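Colleague: I am new to this one. Show me the model, and I will ask how you know what you say.

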Amino acid sequence: MKTAFVAAIALACLVSSAAAAEICEASQYGVGDGYHGRRTASGARFNTFARDPFTVAHKTLPFGREVTITNLANGRAIRAVVTDRGPFVRGRCVDLGRAGADALGMGGTARVSVQ
């Protein structure tokens, strides 16, 4: 009986963490669109080539939140910090700077998991 209870708790933890992942299209910004070097919604200056940490724009997550973004096509993952708002295209949940997009191995867009 105790083993079944522990197994049920472990399963609940797995399900809740999987449910917390946001699956969507990610896009890249900051190269050729005029955003590189401008102030972000958080007030920080946007550097599309930043690697430490990678930076992302998200519609609702708080500024400073660290997220893991995984490219579902190839399994590559990065840790990034939310510094800006966006993307403003339906179906997309995160915009990555050029460095983050390159690290994920994505072209212009990619299907990702955001946790």
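Modeller: Start at P87, which lies in the loop between β4 (77-84) and β5. Strands and helices here are DSSP runs: strands are E with at least two residues, helices are H or I with at least four, and both are numbered from the N terminus. This is a predicted model, where local features need pLDDT of at least 70 and side-chain atom pairs need 80 or more, while totals for chains, interfaces and linings use all residues. Residues are numbered from 1 along each chain as its sequence is written, and side-chain values use heavy atoms, without hydrogens and water.

Colleague: What kind of peptide bond joins G86 and P87?

Modeller: A cis bond, with omega at about -5 degrees. Most peptide bonds are trans. The bond from D52 to P53 is also cis, with omega near 5 degrees. P53 sits in the loop between β1 and β2.

Colleague: How many helices and strands does the protein have?

Modeller: Two helices and six strands. Along the sequence the pattern reads α-β-β-β-β-β-α-β. The six strands form a closed barrel in the order β1-β5-β2-β4-β3-β6, with mixed pairing. Neighbouring strands of this sheet are turned by 45 degrees against each other on average, direction ignored.

Colleague: What makes C24 and C93 a disulfide?

Modeller: The rule asks for a pair of cysteine sulfur atoms within 2.5 Å. The sulfur atoms of C24 and C93 are 1.7 Å apart, so they form a disulfide. The structure holds one disulfide.

Colleague: Why is the disulfide of C24 and C93 called left-handed?

Modeller: Because the torsion about its S-S bond is about -50 degrees. C24 lies in strand β1 and C93 in strand β5 (residues 92-96), so the pair ties together parts 69 residues apart in sequence.

Colleague: Is C24 buried or exposed?

Modeller: Buried means under 20% relative accessible area, exposed means over 50%, and partly exposed is in between (1.4 Å probe, protein chains only). C24 has 5%, so C24 is buried. C93 also has 5% and is buried. Of the 115 residues, 37% count as buried.

Colleague: How many aromatic pairs does a search of the whole structure find?

Modeller: Two. One is Y29 with Y35, at 5.6 Å centre to centre and 65 degrees between the planes. Rings of Phe, Tyr and Trp (its six-membered ring) pair if their centres lie within 6.5 Å; planes under 30 degrees apart are stacked, over 60 edge-to-face, and the rest tilted. So Y29 and Y35 are edge-to-face.

Colleague: Why is the pair of Y29 and F46 called stacked?

Modeller: Their ring centres are 4.4 Å apart and their planes stand at 20 degrees, so the pair is stacked. Y29 and F46 are 17 residues apart, both in the loop between β1 (22-28) and β2 (54-58). Ring pairs link Y29, Y35 and F46 into a cluster. Y29 is buried at 6%, and F46 is buried at 4%. Y35, at 38%, is partly exposed.

Colleague: What lies over the face of F63?

Modeller: R85, at 4.2 Å from the ring centre. A charge sits over a ring if NZ of Lys or CZ of Arg is within 6 Å of the ring centre and within 35 degrees of the ring normal.

Colleague: Which residues does F49 touch?

Modeller: V31, H36, R98 and A99, leaving aside residues up to four places away in sequence. Contact means heavy atoms within 4.5 Å. The C-alpha atoms of F49 and V31 are separated by 9.2 Å, and the two residues are 18 apart along the chain. Among contacts between residues at least 6 apart in sequence, 68% join residues at least 24 apart.

Notes:
Two strands pair if DSSP finds at least two bridges between them. Axes are lines fitted to C-alpha atoms, for helices over the stretch in contact, and angles run from 0 to 180 degrees between N-to-C directions.
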